[in-house]
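Please look over the sequence and the structure below before reading on. The briefing that follows takes up a few local features in turn.

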Amino acid sequence: MIAFLFRRLLVSALLVVFVSLISFSLVFASGNPAARLAGEGSAADAARLSQLHGFDDPILLQYGRWLAGVARGDFGDSLYFSRPVAELLGQHFPATAKLGLAAMLFALLLAIPLGVLAGLRKGSLADRATMLLSACAQAMPPFCLAFLLIIVFSVRNQWLPASGFDTWKHYIMPVTALGLFAMPAMLRLMKSEMETVLATDYIRTARAMGLGGPSVVLKYALRNALRPLVSLAAAQMGTRPARSSSKPCSPSTARGCSPGPRSCAATSPPCRR
């Protein structure tokens, strides 16, 4: 068991290093970042910025310098905001985490009862309606749904606020957009597991011994069907902060977002030491 955990941790660490190296290299995909920072400035300005930020050094040397800083807890400064990346993360992460947790809870509250219903009534109208809802929710990108919600509930009717996060009303639209996108995979898994569990021998034995339908479903079938769902929810929870931090600023997922459709992600601009 210890050897297995060690191998998994080693693979995870190597994966993180590989992804960070690729992401770091993409900063230079369109040329020297100093030229973009200089804008319409002269070549001398670009050269000064390049020397100031160390862009003249080989990429591997710059990456090693950045990696050493990360090991010390220093993520460098954002070239866009001219502020430390750790400070930006600390400012935006609480709102992003609350939004991600709320969206996951909303998705689970929809997926579990609907999946149980579809699993209990396989092939019925309820089953087909549930699968249709799942397909529609999966087909709608969350950013498109977010803009539709803003148009309907904020622009045309002024029922819900389109920005901020001071009250529970500010969370309704972004939680709905994120939760509906996460719900279909969990719903289909819940349906599949319920169908599998209900066909097992111990469930048939429990029913043969006279146990009622709700007791069998809630006490025996649902408990075993939830195990794979926990793993899937944990895996999806890792993507919630990323999705929630990239929502358009209109539904405002973090304090301090600039107006307009630009992403609210705190570290979306290239960050360099």
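**Cysteines**

- Cys136 counts as partly exposed, with a relative accessibility of 46%.
- Cys144 is also partly exposed, because its relative accessibility of 31% lies between the cut-offs of 20% and 50%.
- The model is a predicted one, and the count of disulfides in the model comes to zero.

**Helices α5 and α8**

- Two packed helices are described by the angle between their axes and the distance between the axes.
- Helix α5 covers residues 85–120 and helix α8 covers residues 169–198; their axes come within 5 Å and cross at roughly 35°.
- The crossing of α5 with α8 is right-handed.
- The contact of α5 with α8 is made up of 26 nonpolar, four polar and three charged residues.

**Helix α10**

- Helix α10, residues 213–237, has a kink of about 45° centred on Leu222.
- Leu222 is also one of the buried residues of α10.
- In general, an α-helix has 3.6 residues a turn, so residues three or four places apart point the same way.

**Ala46 in helix α3**

- Ala46 belongs to helix α3, which covers residues 43–53.
- Ala46 counts as buried because its relative accessibility is 16%, and the cut-off for buried is under 20%.
- Apart from neighbours within four places in sequence, Ala46 is in contact with Ala34, Ala35 and Ala38.
- From Ala46 to Asn32 the C-alpha to C-alpha distance is 8.9 Å, and the two are 14 residues apart in sequence.

Key
Residues are numbered from 1 along each chain as its sequence is written. This is a predicted model: local features need pLDDT of at least 70, side-chain atom pairs count only at pLDDT 80 or more; totals for chains, interfaces and linings use all residues. Side-chain values use heavy atoms; hydrogens and water are left out. The bend at a residue is the angle between axes fitted to the seven residues ending there and the seven starting there. Helices (H or I, at least four residues) and strands (E, at least two) are DSSP runs, numbered from the N terminus. Buried means under 20% relative accessible area, exposed over 50%, partly exposed in between (1.4 Å probe, protein chains only). A disulfide is a pair of cysteine sulfur atoms within 2.5 Å. Axes are lines fitted to C-alpha atoms, for helices over the stretch in contact, and angles run from 0 to 180 degrees between N-to-C directions. A crossing is left-handed if the near helix is turned anticlockwise from the far one by less than a right angle, and right-handed if clockwise. Ala, Val, Leu, Ile, Met, Phe, Trp, Tyr, Cys and Pro count as nonpolar, Asp, Glu, Lys and Arg as charged, and the others, Gly among them, as polar. Contact means heavy atoms within 4.5 Å.
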